[in-house]
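This report describes a single protein chain from its model. Please look at the sequence and structure before reading on.

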Amino acid sequence: MGDRNYRRIITDVMERLSRDIKPEIEKDNKIIHFSEAARCLRRSYFDRVDPIEQRGLRFSDLFREVMKKLSYDSLQGEFIVDDIKLQIYADMIVDDVVIVFRPVPKPPERLIPSDALYLNACLWILNKTDGLILYFAENGDEASFSLVRDNKMFEESVRRVRILNNLLVEKKIPVIEPSLECNTCQYYEKCYVKEKKSSNFSIESLLGFKEQEE
């Protein structure tokens, strides 16, 4: 290995990639990217109103941005909610099935609720019936889950879009929505250190999922 610091080289590469494809934060409150509404609303709010610079992108975020830049126009869609423009994009459409890829540390045993919300929104906005989430892990393992378009779930998606828009307009911080991403979120201390409290509310509870065992 010599005197080369290969870890430093890898870190520099990730930093450079992050700078090159870092997603731009939307400034117009009348435009909501559904990835903002599907995940923790509090994180999405802070990204727009009081952002903390994240040192590089996590691999999962990096991958999503690469896929977004590779997407064709036919994989992108818009839906008007009141006067809000809701935007989505899918990673791939094969045989009329919408496919979304998600890199994860290890394959989940069930479909992650925020991903279910996202895929379902893609199905409605792109006017498709069937969708597939493909999770793939660092060690090569993978898991896939299918989803059929669901009206009730889309109504919940629209509700979350309205809530995020209202909170942005009124400059009100959303409640904490505990999820698997909390420990790696750059706003962790804003939620769990300064306030020293948490909420029992979660995206999982909204969709009727039980919390995963540690």
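## Overall composition

The model is predicted. The protein chain contains eight helices and seven strands. Of its 214 residues, 43% are buried. The chain exposes about 13000 Å², and carbon and sulfur atoms supply 51% of that area.

## The nonpolar core

The largest nonpolar core has 41 residues, and F34 and Y118 have the most contacts inside it. Helices and strands both contribute: the elements giving two or more residues are helices α2 (34-38), α3 (41-49), α5 and α6, together with strands β3 (84-89), β5 (97-104), β6 (130-137) and β7 (142-148). Helix α5 provides the largest share of this core, eight residues.

With neighbours within four places in sequence set aside, Y118 is in contact with F34, S35, A38, I88, Y89, V100 and R102.

## Helix α3

Helix α3 is mostly covered, with eight of its nine residues buried. These are L41, R42, R43, S44, Y45, F46, D47 and R48. The list of buried residues includes the charged residues R42, R43, D47 and R48.

## Packing of α5 against α6

Helix α5 covers residues 113-125 and helix α6 covers residues 151-170; the two pack at an angle of about 100 degrees, with their axes 9 Å apart. An angle of 65 to 115 degrees counts as roughly perpendicular, and α5 and α6 are therefore roughly perpendicular to each other.

On the α5 side, the contact is made by A116, L117, N120, A121, W124 and I125. On the α6 side, N151, M153, F154, E156, S157 and R160 take part. By class, the contact has seven nonpolar, three polar and two charged residues.

## Residues with positive phi

N127 has a positive phi of about 60 degrees although it is not a glycine. N127 is placed in the loop between α5 and β6. Its relative accessible area is 60%, and the cut-off for exposed is over 50%, so N127 is exposed.

K171 is likewise not a glycine and has a positive phi, of about 55 degrees. The place of K171 is in the loop between α6 and α7 (188-192). At 53% relative accessibility, K171 counts as exposed.

S35 is partly exposed, with a relative accessible area of 36%. S35 and L86 are 51 residues apart along the chain, and their C-alpha atoms are separated by 9.9 Å.

E181 lies in the loop between α6 and α7. At 26% relative accessibility, E181 counts as partly exposed. Along the chain, E181 and R39 are 142 residues apart, while their C-alpha atoms are separated by 9.2 Å.

Definitions and conventions. Residues are numbered from 1 along each chain as its sequence is written. This is a predicted model: local features need pLDDT of at least 70, side-chain atom pairs count only at pLDDT 80 or more; totals for chains, interfaces and linings use all residues. Side-chain values use heavy atoms; hydrogens and water are left out. Axes are lines fitted to C-alpha atoms, for helices over the stretch in contact, and angles run from 0 to 180 degrees between N-to-C directions. Helices (H or I, at least four residues) and strands (E, at least two) are DSSP runs, numbered from the N terminus. Angles under 35 degrees count as roughly parallel, over 145 as roughly antiparallel, 65 to 115 as roughly perpendicular and the rest as oblique. Contact means heavy atoms within 4.5 Å. A nonpolar core is a set of buried Ala, Val, Leu, Ile, Met, Phe, Trp, Tyr and Cys residues joined through side-chain atoms within 4.5 Å. Buried means under 20% relative accessible area, exposed over 50%, partly exposed in between (1.4 Å probe, protein chains only). Accessible areas come from the Shrake-Rupley method with a 1.4 Å probe; for residues, only the protein chains shown count as cover.
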